[in-house]
Amino acid sequence: MTGTTAPRRGGRWIEQWDPEDETFWKETGERTARRNLLYSVLSEHIGFSIWSFWSVMVLFMGPAYGIDPAGKFFLIAAATLVGALVRVPYTFAVARFGGRNWTVFSALMLLAPTVAALVVMEPGTSYGTFLLVAVLTGVGGGNFASSMTNINAFFPLRKKGWALGLNAGGGNIGVPVVQLAGLLVIATAGAAHPRLLLGAYIPLIVLAAVLAAVRMDNLAPVRNDTGAVREALKDAHTWIMSFLYIGTFGSFIGYSFAFGLVLQTQFGRTPLQAASLTFIGPLLGSLIRPVGGALADRFGGARITLGTFVAMAAATGVVVFASGRSSLPVFLVGFVALFVLSGLGNGSTYKMIPGIFQAKALARGMSGEEAAAYGRRLSGAAMGLIGAVGALGGLGINLVFREAFLSSGSGTAAFVTFLGFYALCCAVTWAVYLRRPAPAAVPAVGVEAKPQLTSV
């Protein structure tokens, strides 16, 4: 099979696409897939930066704004919530409108929250107005879902861990980049000039949209499949993986948004001091995400995911100790380790998703392209749902922090809660995807034999 590009109304369309065919992949597919991956990463990267604006804006909001730490955590939580919810429609928009077309549109959508924040970001603006703008920034979170669904369709199963890890990691790094840019503004112009940061992103958004329009493609074989959505909703693995993704990506985005505010509130850092530390964890977590995907390609996603959760529980123990002792150096070591480990887990969990559904296809007696097509169909539908639920973990983290600081003025109780959650994630990963039942035992999840799933 060969891939051919044919014009259609609404943009460039590739009519045939079979990445599992090695001849097609070497001659045509790989070059096209990598090109689309590059520009998808750029758009998703800026989307993450816009989504995480409020993790930086709160550092500019001094006493003149009249907003306490709990109010700031709620602004961050509002952006997180909307970013999680819009991931579901963004996932299915790729098949409805085409990956290239939707990337252009979703990039241009980022102008709305950026321009709105540029207008209102000053003392004297009402809290309700800030909350509305924070809600608008949530559209940046949707770019991840549409980008991952689109790139999942471009690459063969053997390359998905690397490709999805690189796509997501390149997007995730938008968080530390906007935090670094905020640090630059605070260090040079002062905390009274947030509009300099906001204004710098407007031409970048336009550039991302133009490049997507010129360089990306739509895949005609990718169609909205309501049957796949219904099947994914009914499948236990969709919800199990959603739970695990709360532990990995939910931790990454929640900690990314809250880190600077925790440093200010619990450790008394100034905006400049907090901004100089905030970007480190998200940067390392973003850079290592493709490594998590590559390790999952080689050793199996479930093994890497379990090891990640064990290590995250240990790192959280360090953070609990440091928080109780008010030791900033030890706190930073443990907290940055959590970012790195969540990045690894992000890569490994997303690798598991297509592997799980292809294993289910094989267990049903499918083989070859039939099994690969089934895996693409179900994993594409499931990814949006998993990504949305996982992002809600970021909302949960910020709400737990808010409650902890309201009740005790410290984040220690929040970290104890997170430690218990990681222990539960360890148990679920092992029980569902690594424990081998007796051959005649009834599988704990789904209807297929679990040994098929231990390879994910």
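Buried means under 20% relative accessible area, exposed means over 50%, and partly exposed lies in between (1.4 Å probe, protein chains only). The model is predicted, so local features need pLDDT of at least 70 and side-chain atom pairs count only at pLDDT 80 or more, while totals for chains, interfaces and linings use all residues. Residues are numbered from 1 along each chain as its sequence is written, and side-chain values use heavy atoms, with hydrogens and water left out.

**View 1. Tryptophan 54 in the largest nonpolar core.**
A nonpolar core is a set of buried Ala, Val, Leu, Ile, Met, Phe, Trp, Tyr and Cys residues joined through side-chain atoms within 4.5 Å. The largest one here holds 128 residues, and the members that touch the most others are Trp54, Phe331 and Phe401. The greatest contribution to this core, 15 residues, comes from helix α13 (residues 236-267). Helices (H or I, at least four residues) are DSSP runs, numbered from the N terminus. Apart from its neighbours within four places in sequence, tryptophan 54 is in contact (heavy atoms within 4.5 Å) with Met61, Leu75, Ile76, Met121, Phe130, Val133, Ala134 and Thr137. In soluble globular proteins, nonpolar side chains tend to be buried together.

**View 2. The aromatic pair of phenylalanine 53 and tyrosine 201.**
Rings of Phe, Tyr and Trp (its six-membered ring) pair if their centres lie within 6.5 Å; planes under 30 degrees apart count as stacked, over 60 as edge-to-face and the rest as tilted. The count by this rule is 39 aromatic pairs. One of them joins phenylalanine 53 and tyrosine 201 edge-to-face, at 5.5 Å centre to centre and 85° between the planes. Phenylalanine 53 belongs to helix α2 (residues 53-60) and tyrosine 201 to helix α11 (residues 194-215), so this pair ties together parts that are 148 residues apart in sequence. Phenylalanine 53 counts as buried because its relative accessibility is 1%, and tyrosine 201 counts as buried at 5%.

**View 3. The aromatic pair of tyrosine 65 and phenylalanine 130.**
These two rings form a tilted pair, 5.9 Å centre to centre with 45° between the planes. Tyrosine 65 sits in the loop between α2 and α3 (69-85) and phenylalanine 130 in helix α7, so the pair ties together parts that are 65 residues apart in sequence. Tyrosine 65 is buried, with a relative accessible area of 12%. Phenylalanine 130 counts as buried at 0% relative accessibility; this residue is also among the contacts of tryptophan 54.

**View 4. A nonpolar patch on the surface.**
Nonpolar patches are made of residues with over 30% relative accessible area and no salt bridge, their side chains (Val, Leu, Ile, Met, Phe, Trp, Tyr) being joined within 5 Å; like charges are joined within 9 Å. Phe74, Tyr127 and Leu399 form such a patch, with about 240 Å² of accessible area together. Accessible areas come from the Shrake-Rupley method with a 1.4 Å probe, and for residues only the protein chains shown count as cover. Tyrosine 127 is part of helix α7 (residues 127-137) and counts as partly exposed at 30% relative accessibility.

**View 5. The salt bridge of glutamate 122 and arginine 195.**
A salt bridge is a side-chain nitrogen of Lys or Arg within 4 Å of a carboxyl oxygen of Asp or Glu. Seven salt bridges are counted by this rule. In the one between glutamate 122 and arginine 195, the closest N and O atoms are 3.1 Å apart. Glutamate 122 is in the loop between α6 (111-120) and α7, and arginine 195 is in helix α11, so the pair ties together parts that are 73 residues apart in sequence. Glutamate 122 counts as partly exposed at 37% relative accessibility, and arginine 195 counts as partly exposed at 32%.

Aspartate 235 forms a salt bridge with lysine 360, with 3.1 Å between the closest N and O atoms. Aspartate 235 lies in the loop between α12 (226-234) and α13 and lysine 360 in helix α17, so this bridge ties together parts that are 125 residues apart in sequence. Aspartate 235 counts as buried at 10% relative accessibility, and lysine 360 counts as buried at 2%. Aspartate 297 and lysine 351 meet in a salt bridge of 3.2 Å, N to O. Aspartate 297 comes from helix α15 (residues 280-299) and lysine 351 from helix α17, so their pair ties together parts that are 54 residues apart in sequence. Aspartate 297 counts as partly exposed at 29% relative accessibility, whereas lysine 351 is buried at 12%. Threonine 349 is also found in helix α17 (residues 328-363) and is buried, with a relative accessible area of 1%. Leaving aside its neighbours within four places in sequence, threonine 349 is in contact with Met241, Tyr245, Thr248 and Thr305.

Definitions and conventions: Helices (H or I, at least four residues) and strands (E, at least two) are DSSP runs, numbered from the N terminus.
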